[in-house]
Amino acid sequence: LRELSARVKVLLRKEERVLQLLQSDAPAKLFNIGIAVINLETFELTRGERTWPLTPKEAAMLSLLHGEAGKIVSRSRFLNEVWDGGESVTNRTVDTHILNLRKKLEDDPKAPEFLMTVHGAGYKLALTNS
């Protein structure tokens with residue numbers, strides 16, 4: 001029970017750090033990516049008639065990408081800033097979250113227009129209507 005309690009406390013601290021990242025110097029709480037509207041206060045992404053919930057990690061990733069629009073964000077930077085160092089997660093975790101975001105954000109997740117992969121470097125956000 002003591003170990004379980006310690007692990008829960010660590011997870012809660014990590015989630016608190018993500019929420020602080022979202023509430024701190026984020027460039028905007030409400031912004032567009034293409035026709036999608038991202039609301040970081042309600043953790044929602046709305047595209048057309050459909051609204052998807054965002055996890056705190058997804059919201060933090062979009063906030064970081066939006067703040068660095070057009071610039072490459074490395075997987076290690078995501079791990080450091082969104083996963084608080086990322087000792088227990090791997091680069092594939094970042095890739096999986098990007099895939100989930102593409103499913104919500106892109107018309108065709110297999111041919112993304114906004115969440116671009118920069119092979120060997122990371123990801124960048126290409127904004128057209130922000």
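Select Arg 75 to begin: at 22% relative accessibility it counts as partly exposed, a class that lies between buried (under 20% relative accessible area) and exposed (over 50%), taken with a 1.4 Å probe and protein chains only. The model is predicted, so local features need pLDDT of at least 70 and side-chain atom pairs count only at pLDDT 80 or more, while totals for chains, interfaces and linings use all residues. Residues are numbered from 1 along each chain as its sequence is written, and side-chain values use heavy atoms, with hydrogens and water left out.

**Arg 75 and its partner**

Arg 75 sits in helix 3 (residues 75–81) and Asp 95 in helix 4 (residues 91–105), so the pair links distant parts of the chain, 20 residues apart. Helices here are DSSP runs of H or I with at least four residues, strands are runs of E with at least two, and both are numbered from the N terminus. A salt bridge is a side-chain nitrogen of Lys or Arg within 4 Å of a carboxyl oxygen of Asp or Glu. Asp 95 counts as buried, at 12% relative accessibility.

Lys 71 counts as exposed, at 51% relative accessibility. Next, show Arg 77, whose side chain meets that of Glu 68 in a salt bridge of 3.5 Å, N to O. Arg 77 counts as partly exposed, at 27% relative accessibility. In general, side chains of opposite charge can pair when their charged atoms come close. A search of the whole structure finds eight salt bridges.

**Along helix 4**

Now select helix 4, which has 15 residues. From first C-alpha to last it reaches 21 Å, close to the 21 Å expected at 1.5 Å a residue; the expected span is 1.5 Å times one less than the number of residues. Colour its buried residues, among them Val 94, His 97, Ile 98, Leu 101 and Leu 105. Asn 100 also lies in helix 4, but counts as partly exposed at 27% relative accessibility.

**Across to Glu 58**

From Asn 100, go to Glu 58: the two are 42 residues apart along the chain, and their C-alpha atoms are separated by 8.4 Å. Glu 58 is in helix 2 (residues 56–67). Is Glu 58 buried or exposed? Glu 58 is buried, with a relative accessible area of 4%. Leaving aside neighbours within four places in sequence, Glu 58 is in contact (heavy atoms within 4.5 Å) with Pro 53, His 97, Asn 100, Leu 101 and Lys 104. Show Thr 55 as well: the side chain of Glu 58 reaches the backbone nitrogen of Thr 55 at 3.0 Å.

**The whole chain**

Zoom out to the protein chain, with its four helices and six strands. From the N terminus on, the elements run α-β-β-β-β-α-α-α-β-β. Buried residues make up 35% of the 130 residues. Among contacts between residues at least 6 apart in sequence, 50% join residues at least 24 apart. For a surface view, the chain exposes about 7700 Å², of which carbon and sulfur atoms supply 52%; accessible areas come from the Shrake-Rupley method with a 1.4 Å probe.

Conventions. Polar contact = N/O pair within 3.5 Å; in protein donor to acceptor, adjacent residues only side chain to side chain.
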